[in-house]
Amino acid sequence: GTVPGLIARWSADGSRYVFASVKDDHIYLVRARSRAPIRLTSQGHNADPVFSPDGRSVYFASDRSGRWQLWRMNVDGTSPEQLTRDDADSAHPYPSPDGKSLVFLTFDGRSHNRAPLRDARLRLFSLADGKTDELAKLLGGDSSLAAYPWSPDGEYLAFVSYQMAAH
């Protein structure tokens, strides 16, 4: 009954994956052996799920607080916790290889359609103290951080910035 999103994210040990359903905007976990989806979220629209490096948490974006913000929950869907709280829409969280921070995109202005290109900021969120640093301003969209962006040593990030072409 669920329709997977465009991207599923595997846990580091390969025993399960998470995805956001395009049918109901909820996040599901699938154990590789059972293949039966387990719904983890019950509120709002949810997207961009990814496991923490230790496999104990799932980071995701949700509009359950009124704007798209970053959240974290246990892998069984319990204890959802809002991480970001600002006047912009935040999405595409990716934990660093050491699990100490998240890189993500913030889009200024409100948009119900997440696909179009718009002004964005690449930001870094410290899980230790909640501090957010801005790394870059760019013209971005959902494809700007569509794949895991961290280098294995956590020193570099890969992202896509677009340019508007003159007609």
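The second largest pocket is lined by R9, W10, S11, A12, V50, F51, S52, P53, Y94, P95, P97 and Y148. The model is predicted: local features need pLDDT of at least 70, side-chain atom pairs count only at pLDDT 80 or more, and totals for chains, interfaces and linings use all residues. Residues are numbered from 1 along each chain as its sequence is written, and side-chain values use heavy atoms, without hydrogens and water. A pocket is an open set of points on a 1 Å grid over the protein atoms alone, where a 1.4 Å probe fits, with protein on both sides within 12 Å along at least five of seven lines; lining residues have an atom within 4 Å of a point.

The volume of this second largest pocket is about 210 Å³, taken as the space filled by probe spheres set on the points, which are joined across faces, edges and corners. Its lining has 9 nonpolar residues (Ala, Val, Leu, Ile, Met, Phe, Trp, Tyr, Cys, Pro), 2 polar and 1 charged (Asp, Glu, Lys, Arg; the others, Gly among them, are polar). Strands β1 (9-10), β5 (46-51) and β9 each supply at least two lining residues. Strands are DSSP runs of E, at least two residues, numbered from the N terminus.

Strand β9 (residues 89-95) also holds H92. Phi of H92 is positive, near 60°. Most residues other than glycine have a negative phi.

D25 lies in the loop between β2 (16-20) and β3 (27-31). At 28% relative accessibility, D25 is partly exposed, that is, between the buried limit and the exposed one of over 50%.

Key. Helices (H or I, at least four residues) and strands (E, at least two) are DSSP runs, numbered from the N terminus. Buried means under 20% relative accessible area, exposed over 50%, partly exposed in between (1.4 Å probe, protein chains only).
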